[in-house]
Amino acid sequence: MSLDQRSAARLAIVQALYQMEVAGKGLNEIFAEFESHWIGREIEGVQYKPAEITFFRDVLQGVLTDQVAIDRQIDRVLSGGWPLARIEAVMRAALRAGAYELRARKDVPPRVVIKEYVDVTAAFFGPTESGMVNAVLDKIAREERPGEMG
């Protein structure tokens, strides 16, 4: 497992969660589509990096399994009374995936999780949005793993 493959998996996870939400696709359909058509392939001149498939599957499945609890936690830490439902779908996907990793993937340091999803968000949006993702995931990390956050 390379760090590049894990970063590629995180980008694919956010894209997959987005597609599931906006296109109403199911988990098995998304696994098949991403694993056969996206990950590690070139599409319309864009090379998609190889991703760590087991990590991709684990995080995607975990977000869906724990989505109610994850969404409640994100809603609680969002500042200014902005419910998660009012946040743009790609950002919502990044927050859900990041929150899942902070809650369930103790093998990944919390600061790595935060930085990775801030980077994914920055690929789609500007500094305001990536800063918000940073702030929300930082608060969740402090709840979930206070000993690791110093």
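Predicted model: local features only at pLDDT ≥ 70, side-chain atom pairs only at ≥ 80, totals over all residues.
How close do the axes of H5 and H6 come, and at roughly what angle do they cross?

1. Overall make-up. The secondary structure comes to eight helices and two strands. Going along the sequence, the pattern reads α-α-β-β-α-α-α-α-α-α. The protein has 150 residues, and 45% of them count as buried. As for contacts between residues at least 6 apart in sequence, 66% join residues at least 24 apart.

2. H5 against H6. To answer the opening question: the two axes come within 10 Å and cross at roughly 170 degrees. An angle over 145 degrees counts as roughly antiparallel, so H5 is roughly antiparallel to H6. On the H5 side the contact uses Val 90, Met 91, Ala 94, Ala 97, Gly 98, Glu 101 and Leu 102. H6 brings Pro 110, Val 113, Tyr 117, Thr 121 and Phe 124 to it. By residue class, that contact divides into nine nonpolar, two polar and one charged.

3. Val 112. This residue is also found in helix H6. Val 112 has a relative accessible area of 36%, so it is partly exposed. If you want a distance to check, take Val 112 and Leu 102: they are ten residues apart in sequence, and their C-alpha atoms are 9.8 Å apart in space. Leu 102 is one of the H5 residues in the contact with H6.

4. H5 against H7. Here the axes again come within 10 Å, but the crossing is at roughly 25 degrees. That makes H5 roughly parallel to H7, and the crossing is right-handed. From H5, the residues involved are Met 91, Leu 95, Gly 98, Ala 99, Leu 102 and Arg 103. They meet Glu 129, Met 132, Val 133, Val 136, Leu 137, Ile 140, Ala 141 and Glu 144 in H7. The tally for this contact is ten nonpolar, one polar and three charged.

5. H4 against H7. Helix H7 (residues 127-144) packs with H4 at an angle of about 115 degrees, the axes being 10 Å apart. That makes H4 roughly perpendicular to H7. The crossing of H4 and H7 is right-handed. Gln 73, Ile 74, Arg 76 and Val 77 of H4 make the contact with Val 136, Lys 139, Ile 140, Glu 143 and Glu 144 of H7. These residues divide into four nonpolar, one polar and four charged.

6. Leu 78. Leaving out residues up to four places away in sequence, Leu 78 touches Pro 83, Leu 84, Ile 87, Met 132 and Val 136. Its C-alpha atom is separated by 9.1 Å from that of Lys 139, which is 61 residues away along the chain. Lys 139 belongs to the H7 side of the contact with H4.

7. Ala 85. Ala 85 lies in the loop between helix H4 (67-77) and H5. With a relative accessible area of 67%, Ala 85 is exposed. The C-alpha atoms of Ala 85 and Asp 75 are separated by 8.8 Å, the two residues being ten apart along the chain.

8. Arg 92. This one lies in helix H5 (residues 89-104). Not counting residues up to four places away in sequence, Arg 92 touches Glu 21, Leu 84, Ala 85, Arg 86 and Ile 87. Leu 84 and Ile 87 are also among the residues that Leu 78 touches.

Conventions: Residues numbered from 1 in each chain as written. Heavy atoms only, no water. Helix = DSSP H or I, 4+ residues; strand = E, 2+ residues; numbered from the N terminus. Contact = heavy atoms within 4.5 Å. Buried < 20%, exposed > 50% of the residue type's maximum accessible area, 1.4 Å probe, protein only. Axes fitted to C-alpha atoms, helices over the stretch in contact; angles between N-to-C directions. Parallel < 35°, antiparallel > 145°, perpendicular 65-115°, else oblique. Left-handed = near helix turned anticlockwise from the far one by under 90°. Nonpolar A, V, L, I, M, F, W, Y, C, P; charged D, E, K, R; others polar.
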